[in-house]
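Please keep the sequence and the structure at hand while reading.

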Amino acid sequence: MTRTETQSPHTVDLDEIYRPLINGHFASATSENFPAVNAATGEHLARITRGTSADVANAVAAAKAAFPGWAATTLEERSAKLLELARAIEENIERLALIDALDIGRRVGETFIDHQIALGQYRFFAAAALTHAGWNRSIPGGIAIAKREPIGVVGQIIPWNVPAIMAAFKIAPALAAGNTVVLKPDEHASLSTLELGKLISQIFPPGVVNIVPGYGDEAGAALTAHPDVKKLAFTGSSEVGRLVAHAGAERLVPVSLELGGKSPNIVFPDVANDLDAIVDNAAFAVTYCNGQSCLAGTRLFVHDDIYDPFVDKLVSGFGRITVGSPLDPATTVSGLVSEKQGKRVLDYIDIGRSEGAELLFGGARADIPGNEFGYFIEPTIFATTNDSRIAQEEIFGPVLSVIRWNDYDSMITQANNVRYGLAAGLYTHNIANAMRTADALEAGSVWVNKYFNLVDGSPFGGFKDSGIGSEFCAETLNMYTHLKSVTLLNEPAPAFFLPS
């Protein structure tokens with residue numbers, strides 16, 4: 001495994017302090033703040049306001065005041081604003097991608113792709129909004145109408161792993177449907193979202209989008225509990241998702257959740273002539289985002305007939321992965337977001353060893369000169385069984401569990417035998433086999449012959465502990481609207497009830 005160091009310095013101008021975006025202005029009810037540091041080097045980047053319940057209350061009040069005006073805008077006006085935001089992001093994409101690379105430690109090539117995916121979301125919902133409607137049909141003497149109406153103020157909470165994508169997943173459909181937003185970014189990844197807020201403040205009316213950084217148990221809890229928040233949307237762990245769902249249930253407001261995953265990636269024996277390509281895809285599936293992805297294909301089921309040559313190629317392929325600085329263009333896998341996350345992943349590697357799983361590759365913290373502060377984990381392969389902890393629990397790091405199989409029904413049972421059901425992958429030349437397996441898998445997204453094959457407009461959501469609702473698609477707009485029924489007669493109905 002090659003380990004690299006930064007070849008040239010990369011810098012970006014940042015504000016000394018980032019405050020909440022409330023009602024079109026960056027201001028706060030508090031002067032308390034916390035540092036944002038370079039995840040790889042520990043270098044101080046900026047200070048971020050520690051949002052309070054007062055900040056959240058001010059943001060919700062601004063969103064509530066802005067809601068009637070924004071809800072009254074035409075679909076064409078909303079669409080145009082989303083397209084304008086997409087253009088502004090595109091003009092600043094290299095700067096935003098670099099900010100994320102510094103803030104969360106992922107290689108800049110990946111964070112650039114994040115912002116490209118985000119662009120697709122703003123543009124997709126700009127188009128989808130124009131055709132999002134209810135229905136109508138004729139009835140005797142009139143018409144029956146079902147119309148879509150925005151819900152109101154939406155409270156949204158996003159995680160740290162892909163902040164650009166997460167912000168787009170939440171903001172784009174909410175605004176397209178006519179809602180106003182209060183968004184709380186994760187405390188480990190607030191910089192690019194607050195920079196996005198600068199662009200938003202130049203395009204959208206004050207109060208339509210408000211961004212309050214801070215800690216989950218302070219700003220997040222205040223947002224989920226606020227009585228004027230009429231819908232909650234959360235992406236993060238299943239454990240916190242339950243708390244958000246409970247908060248929504250307390251106030252009887254709708255909640256959408258995109259939570260964790262432990263996705264199976266299945267290799268059938270009929271692809272024996274394509275092992276190099278599939279090894280490449282399987283390695284990508286578990287190491288992209290440095291493994292810090294709910295989508296990651298972390299359980300690799302390999303058929304017994306091709307197991308030995310496949311695993312040999314897999315180990316050899318992992319040996320060609322370059323672990324290095326997020327700013328080095330040669331880097332394949334960079335660092336994790338924080339010391340806490342790094343230690344969590346290393347603890348799971350120790351658990352794998354203690355359970356008796358066979359360590360085939362990696363398993364240690366990598367030393368990257370000039371980046372000693374960061375947690376760079378060697379991409380790791382274990383040969384194990386599906387009932388092991390490393391195969392059952394979400395690690396959120398570049399750790400792959402390889403599981404041998406030879407009986408189809410037993411393999412499907414094992415693939416489904418986790419608490420999650422977010423995504424799955426499979427590789428086969430047999431289309432009938434692909435569709436049969438896709439139908440059998442308990443997963444919201446199934447990718448055949450290419451992992452992470454996200455397409456704008458395709459639903460993205462999970463089964464079981466992986467969440468409630470679907471994002472990324474036109475149906476997402478249904479989660480951000482009420483369906484109102486109006487039955488209209490052309491003239492008052494004749495008298496029929498009272499005796500004459």
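Which helices are included in what covers the buried residues of H2?

## Helix H2 and its cover

In this predicted model, what covers the buried residues of H2 includes H1, helix H3 (93-104), helix H4 (108-131), helix H5 (163-176) and helix H6 (191-203). The buried residues in H2 are Arg78, Ser79, Leu82, Leu85, Ala86, Ala88 and Ile89.

The length of H2 (residues 75-91) can be checked against its residue count: at 1.5 Å a residue, its 17 residues should span 24 Å, and the end C-alpha atoms lie 25 Å apart, which agrees.

## The crossing of H1 and H7

Helix H1 (residues 53-71) and helix H7 (residues 216-225) have axes that come within 8 Å of each other and cross at roughly 40 degrees. The crossing in which H1 passes H7 is right-handed.

On the H1 side, the residues that meet H7 are Ser53, Val56 and Val60, and their counterparts in H7 are Ala219, Ala222 and Leu223.

## Gln121 in helix H4

Helix H4, which is part of the cover of H2, contains Gln121. The relative accessible area of Gln121 is 1%, and because buried means under 20%, Gln121 counts as buried. Leaving aside residues up to four places away in sequence, Gln121 touches Ala168, Phe169, Ala172, Asp456 and Phe472.

Terms used: Residues numbered from 1 in each chain as written. Predicted model: local features only at pLDDT ≥ 70, side-chain atom pairs only at ≥ 80, totals over all residues. Heavy atoms only, no water. Axes fitted to C-alpha atoms, helices over the stretch in contact; angles between N-to-C directions. Helix = DSSP H or I, 4+ residues; strand = E, 2+ residues; numbered from the N terminus. Left-handed = near helix turned anticlockwise from the far one by under 90°. Contact = heavy atoms within 4.5 Å. Expected span 1.5 Å × (residues − 1). Buried < 20%, exposed > 50% of the residue type's maximum accessible area, 1.4 Å probe, protein only.
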